[in-house]
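Dear colleague,

Please find below the structure I am handing over to you, with its sequence. My notes on it follow directly after.

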Amino acid sequence: MPLWLKAVTGVVALVLVAAAAFAGFWFFRLQTNISKAPLNAGGESTESPGNDATGRLQILILGSDTRDGKNSEYGTADDSTGYGKSDVMMLMDISEDNKRVNVISFPRDLLVDIPDCKDTKTKKDYPARTGVMINEAMSEAGIGCAVDTVNKLTGMQVDHFMMADFNAVKELSNAVGGVDVCISDAVYDPDSRLRLPAGTSSVQGEMALSFLRTRHAFADGSDLGRIKAQQGFLSSLTRKIKDEGTLSDPAKMLKIADVVTQNLTVDDGLASVPTLLTIGNRLKNIDISKVAFVAVPTTPAPVDPNRLVIAEPAGAQLFSALRKNVDLTDPTAPTTPSPTESAPPSAAPTETAPPVPPYNKAIQPVTVANGSGVNGRAQELVQALVAGGFTQTGQFLAQPVAKSAVYYGNGFADVAADVAALLGIPATLMIPAPGVSGVQVYVGSDFTTGTAYGAAGGGTAAALPQDIVNQTAGDKVCQQANPELIVR
């Protein structure tokens with residue numbers, strides 16, 4: 001072999017060995033960075049796990065308020081008992097075709113039902129609770145209990161979770177060189193220590209954390225204003241990462257991955273570098289106008305105006321649309337069937353189904369919500385229901401909607417099927433709604449005459465609340481400052 005060829009061969013071999021050692025170092029470092037915890041706390045999966053590479057995925061993103069370790073400067077351990085509370089809760093929904101991402105925010109003041117949960121470390125059982133703030137779901141039995149709570153609330157199946165602490169926000173914002181945020185007026189919040197001038201600012205480190213944590217600086221000072229600010233921050237972060245080609249730059253990705261994995265807890269199925277890279281790779285080509293940020297529709301709780309409950313029927317409409325894989329930025333677009341959307345129940349038994357016990361129509365609570373815009377419309381349908389044997393009826397004037405639907409509470413699926421059949425409403429417009437007591441026929445502008453839902457009104461398009469999308473990642477939104485905290 002010629003001397004020059006030996007030299008070239010030696011250099012190439014050296015480079016390959018060095019590259020392999022470098023790759024091995026980073027793989028080992030990132031893998032050892034990752035902390036993990038069980039996905040569930042007793043809730044049984046209703047479907048097989050999603051395929052991380054090719055399937056539709058739901059990932060629950062949590063921000064912990066724990067004050068342990070590097071987070072001790074934000075309070076004492078007494079400020080976050082047990083596993084800590086979820087300071088942030090978002091459900092990221094990645095479509096199977098990698099063309100859409102929905103990010104659904106849950107206010108931490110939202111009152112929900114928490115299912116039975118077991119702490120997988122101590123093996124202690126915690127009984128189900130009703131009317132509890134959603135951010136308390138993981139404080140006793142761990143992150144898996146938060147996952148089970150979201151599954152119960154939405155009717156979907158979370159595939160993975162990612163939980164980050166305060167330090168993760170600081171380090172990530174530093175790693176990307178700051179994130180641009182906009183605010184209408186100069187503001188100072190002494191609680192979170194957020195101080196920003198009017199207009200656009202680049203925030204990182206402590207100021208980025210203050211922007212995301214502040215409870216009072218935006219809108220009316222409620223958690224809903226805070227959610228919109230968080231969504232604006234994530235939109236800006238998404239644009240920056242996309243514009244700078246970070247997802248296609250190995251050096252940048254390694255830097256961010258190192259920071260993130262040091263401050264991240266994930267479920268067992270996500271606790272590997274290849275899996276994280278697989279999911280990151282799926283996100284790199286998504287159009288930012290198809291990254292939709294949504295807040296769960298809420299209304300003040302009757303028991304406490306400082307707390308929130310799901311607003312119906314808007315909440316049920318949103319969760320149904322998600323289960324049906326509807327494009328929230330364009331609800332009229334064709335949908336791809338999703339395994340998370342089970343077929344609505346039918347009044348007719350199948351060959352394999354056991355016979356359904358008869359029930360007494362006369363004692364089933366059925367209400368008619370008139371959102372058709374036609375006066376007296378509810379009374380006309382109530383008369384049809386009474387004639388059909390449903391004599392315990394009620395009616396009320398509701399917000400106008402375009403699409404009619406039949407909502408039903410837990411245990412009333414069979415009643416809803418019979419009510420829908422009586423009025424000729426297709427099964428595709430039957431929607432489970434745990435907040436509804438009994439059955440509610442919500443009449444829209446597609447059902448303004450007669451007592452039989454006509455063929456012209458029998459479409460299968462999903463009903464959605466108006467303006468359900470707060471913004472997309474392509475929108476540059478300026479947050480409105482809370483008038484009480486504006487610096488004059």
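Cysteine 182 and cysteine 478 are joined by a disulfide, with an S to S distance of 2.0 Å in this predicted model. The pair links distant parts of the chain, 296 residues apart: cysteine 182 belongs to strand S10 (residues 179–183), while cysteine 478 lies in the segment after strand S23 (469–472). The torsion about the S-S bond of cysteine 182 and cysteine 478 is about -70°, so this disulfide is left-handed. Cysteine 182 has a relative accessibility of 19% and therefore counts as buried, the cut-off being under 20%. Cysteine 478, with a relative accessible area of 30%, is partly exposed.

The count of disulfides comes to two. The other joins cysteine 117 to cysteine 145, with an S to S distance of 2.1 Å. This pair also links distant parts of the chain: cysteine 117 is in strand S6 (residues 117–118) and cysteine 145 in helix H2 (residues 143–154), 28 residues apart. Here the torsion about the S-S bond is about 80°, so the disulfide of cysteine 117 and cysteine 145 is right-handed. Both cysteine 117 and cysteine 145 are buried. With bonded cysteines counted along the chain, the disulfides follow the pattern 1-2, 3-4.

I would also draw your attention to helix H3, which spans residues 166–175. After H3 comes glycine 177, whose phi is positive, near 80°. The buried residues in H3 are Phe166, Asn167, Ala168, Lys170, Ser173 and Ala175. Among the elements that cover them are strands S2 (57–64), S3 (86–94), S9 (160–164) and S13 (199–203), together with helices H4 (206–213) and H6 (250–262).

How do H3 and H6 pack, and at what angle? Two packed helices are described by the angle between their axes and the distance between the axes. For H3 and H6, the angle is about 170° and the axes are 9 Å apart. Since angles over 145 degrees count as roughly antiparallel, H3 and H6 are therefore roughly antiparallel to each other. In this contact, Glu171, Leu172 and Ala175 of H3 meet Lys255, Ile256, Val259 and Val260 of H6. The residues of the contact divide into five nonpolar, no polar and two charged.

Yours sincerely

Terms used: Residues numbered from 1 in each chain as written. Predicted model: local features only at pLDDT ≥ 70, side-chain atom pairs only at ≥ 80, totals over all residues. Heavy atoms only, no water. Buried < 20%, exposed > 50% of the residue type's maximum accessible area, 1.4 Å probe, protein only. Helix = DSSP H or I, 4+ residues; strand = E, 2+ residues; numbered from the N terminus. Contact = heavy atoms within 4.5 Å. Disulfide = S-S within 2.5 Å. Axes fitted to C-alpha atoms, helices over the stretch in contact; angles between N-to-C directions. Parallel < 35°, antiparallel > 145°, perpendicular 65-115°, else oblique. Nonpolar A, V, L, I, M, F, W, Y, C, P; charged D, E, K, R; others polar.
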